[in-house]
Amino acid sequence: MEYVGMLTQIRRNNTKSILLLVLFPVIILVMVWVFIAIVNWLAGSGYDADGNTIHTLDLVAVNAAFVNVLPWVVGGVALWFFIAYFCNVRIINGAVNAHPITRKENPRVYNIVENLCISCNMPMPKVCVVDDPQLNAFASGINDKTYTVTLTQGIIDLLNDDELAGVIGHELTHIRNRDTRLLITSIVFVGIVSTVMSIVLQMMYNHFWFGSSSSDDDDNGGGFGLGVVVLLAVGLLCCFIAYIFTLLTRFAISRKREYMADAGGAELCGNPLALASALRKISANPGLDNVKRPDVAQLFICQPDEMGHGLLGFMDSLFSTHPSTEKRIAILEQF
């Protein structure tokens, strides 16, 4: 595998973060334009000389409508991103039910984190624990004030000190390489698109179950109902396409960052086999029972087993930024 130094990795991650900041909004805006264009094409129906229905696309009207909604879309996305980006630690901790610990509460974990930070001359991040018997860990944050290492109680109880040091070293390497900033940027934008998809799906569900009865009593209700269904279907299609593109863009985040974090963790703890042993134990029971968000799960050292359920879970697993745990263990055992 090609050797990449830490400074090179940091520079690459900073560049990818900028590209994601540009590319994700572009994907959203393109899908908004496509939605307006499809609606205009469906509405612009007429008849040809033979009486067949034809559809026409008025690009001038489409562009004018797009310009009108552009400030609202940009403003909404920017506001959403600003809140999610700068409140990411609170949001993530809320999603996993994590709570901070002090040296007095858990001197073993706190001292391991502190000693590893001293060895690599980095500021001490916050340390949080999730009261969950399953095994997982992750790093989060965008700067020195928000960087956090989070561990489940299960991983603390099961791993010995060397194995736990390897896992914490892995997470500290993610922070040093600016991986967390890159992934959080991705999580925010994927969350925007997936939330809009969920809203459109809920609107379609409500219309089919609660909207049809009221339209039966109205002569024009059937046409209006059909128009709403078509509009929602077009919106759902555009959201789904945008979601696929955002997943593909997130997939462009190299899986090598996990290998590099493994190498950094092995270097910090001074024992590659200890980290390999920790990953083997984690892979036997990876998860966080209280987490139902595949986007947040992308931060974890191992993909939770329950994240594979459902369509969105399957899509996130398909385009996961994590390589297989078996390959990671095999590489560590070669050191």
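1. In this predicted model, helix H6, which covers residues 161–176, packs against helix H10, covering residues 272–284, at an angle of about 85° and with the two axes 8 Å apart. Because angles of 65 to 115 degrees count as roughly perpendicular, H6 and H10 are described as roughly perpendicular to each other. On the H6 side the contact is made by Asp 162, Glu 163, Gly 166 and Val 167, and these meet Ala 274, Leu 275, Ser 277, Ala 278, Lys 281 and Ile 282 of H10. Sorted by class, the contact of H6 with H10 holds 5 nonpolar, 2 polar and 3 charged residues.

2. By class, the contact of H9 with H13 comprises 4 nonpolar and 4 charged residues, with no polar ones.

3. Turning to the strands, the model contains an open sheet of 4 strands, arranged in the order S3-S4-S6-S5 and with mixed pairing. Strand S3 (98–100) and strand S5 (137–140) are the edge strands, and each has a single partner strand, so one side of each is left without a neighbour in the sheet. From one strand to the next, the twist averages 25°.

4. Which strand is joined to S5, and by how many bridges? The partner is strand S6 (residues 148–152), joined to S5 by 4 bridges, and the two strands run antiparallel. Within this part of the sheet, Ser 140 stands opposite Thr 148 in S6. Helix H3 (residues 88–96) packs on the sheet, where H3 touches S3, strand S4 (126–130), S5 and S6; the direction of H3 makes about 160° with that of S5.

5. A last point concerns the aromatic rings, for which the count comes to 1 aromatic pair. The pair consists of Phe 138 and Phe 300, with 5.2 Å centre to centre and 40° between the planes, and its arrangement is tilted. Phe 138 lies in strand S5, whereas Phe 300 lies in the loop between helix H11 (294–297) and helix H12 (311–318), so the pair ties together parts that are 162 residues apart in sequence.

How values were computed: Residues are numbered from 1 along each chain as its sequence is written. This is a predicted model: local features need pLDDT of at least 70, side-chain atom pairs count only at pLDDT 80 or more; totals for chains, interfaces and linings use all residues. Side-chain values use heavy atoms; hydrogens and water are left out. Ala, Val, Leu, Ile, Met, Phe, Trp, Tyr, Cys and Pro count as nonpolar, Asp, Glu, Lys and Arg as charged, and the others, Gly among them, as polar. Two strands pair if DSSP finds at least two bridges between them. Axes are lines fitted to C-alpha atoms, for helices over the stretch in contact, and angles run from 0 to 180 degrees between N-to-C directions. Contact means heavy atoms within 4.5 Å. Rings of Phe, Tyr and Trp (its six-membered ring) pair if their centres lie within 6.5 Å; planes under 30 degrees apart count as stacked, over 60 as edge-to-face and the rest as tilted. Angles under 35 degrees count as roughly parallel, over 145 as roughly antiparallel, 65 to 115 as roughly perpendicular and the rest as oblique.
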